[in-house]
Amino acid sequence: MIRVVVADDQALIRAGFRSLIESEPDLEVVGEAGTGRAVLDLARAARPDVVLMDIRMPDGDGLWATEQIAADPALASVHVVIVTTFELDEYVARALKAGASGFLVKDTEPVDLLRAVRVAVAGEALLSPGVTKRLLEQVAAGRAPVDSSRLDVLTEREREVLRQVGRGLTNQEIGAELFLSPLTAKTHVSRIMTKLAARDRVQLVVIAYETGLVP
């Protein structure tokens, strides 16, 4: 059973998400929160698999709560999926860098919201259609290039796999591109995450862009 916390300052939205999630046999809502501080406390108490996190909340917003969850080793298994009203929210890029496992807008189709929960638990990520490229441009914009020497720990094959992750390819697509089995591609991705101390696939995408591996 995948355990979910819903964080939003609007009770009606929380109720809608709860109803949707609990309609699925493999998902359950283990708590709701209306402020950033409340969701952080709830994450520490309930240890959910996924937090559906709004950004604009009082008393420590969702961005702050995401950073706190990502920075707490005890919450390493908690995956945050940002769910916000605005596709180009100025804080989304920072949230992804902080450790969020995905980004959706609130008019996302219900099936995509449910998929995002399951995908986050699997260590991958789901971004709203059409948003990925713009978000990554925000991540890379206005910064001095990160020293690509951080990739020196990777083998040549791992660098190529990371490049494909940065392009947004799934493990199956990476396997087809590089003539690997999906399982071998998944193993490479897992090793890369370990070597680069990345929480999940989203952070690998960010690293691929920041280091110039993906232009």
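Glu158 counts as buried, because its relative accessibility is 4% and buried means under 20% relative accessible area, with exposed over 50% and partly exposed in between (1.4 Å probe, protein chains only). The model that holds this residue is predicted: local features need pLDDT of at least 70, side-chain atom pairs count only at pLDDT 80 or more, and totals for chains, interfaces and linings use all residues. Residues are numbered from 1 along each chain as its sequence is written, and side-chain values use heavy atoms, with hydrogens and water left out.

Glu158 is one of the buried residues of helix H7 (residues 156–166), together with Val161, Leu162, Gln164, Val165 and Gly166. Helices (H or I, at least four residues) and strands (E, at least two) are DSSP runs, numbered from the N terminus. The cover over the buried residues of H7 includes helix H8 (171–178), helix H9 (182–196) and helix H10 (201–210). Just after H7, Gly168 has a positive phi of about 95 degrees.

The side chain of Glu158 also takes part in a salt bridge with Lys195, at 2.8 Å from N to O. Lys195 lies in helix H9 and Glu158 in helix H7, so the pair ties together parts that are 37 residues apart in sequence. Lys195 is partly exposed, with a relative accessible area of 37%. A salt bridge here is a side-chain nitrogen of Lys or Arg within 4 Å of a carboxyl oxygen of Asp or Glu. Side chains of opposite charge can pair when their charged atoms come close.

The whole structure has 12 salt bridges. In another of them, Lys106 pairs with Asp8, and the closest N and O atoms are 2.8 Å apart. Lys106 is in the loop between E5 and H5, while Asp8 is in the loop between strand E1 (2–7) and helix H1 (11–21), 98 residues apart. Asp8 counts as buried because its relative accessibility is 1%, whereas Lys106, at 24%, counts as partly exposed. The loop between strand E5 (102–105) and helix H5 (110–121) also holds Asp107, which counts as exposed at 64% relative accessibility.

Arg18 and Glu32 form a further salt bridge, with the closest N and O atoms 2.6 Å apart. Arg18 belongs to helix H1 and Glu32 to strand E2 (residues 27–33), 14 residues apart.

As for the chain as a whole, the protein has 10 helices and 5 strands. Of its 215 residues, 47% count as buried.

Conventions
Contact means heavy atoms within 4.5 Å.
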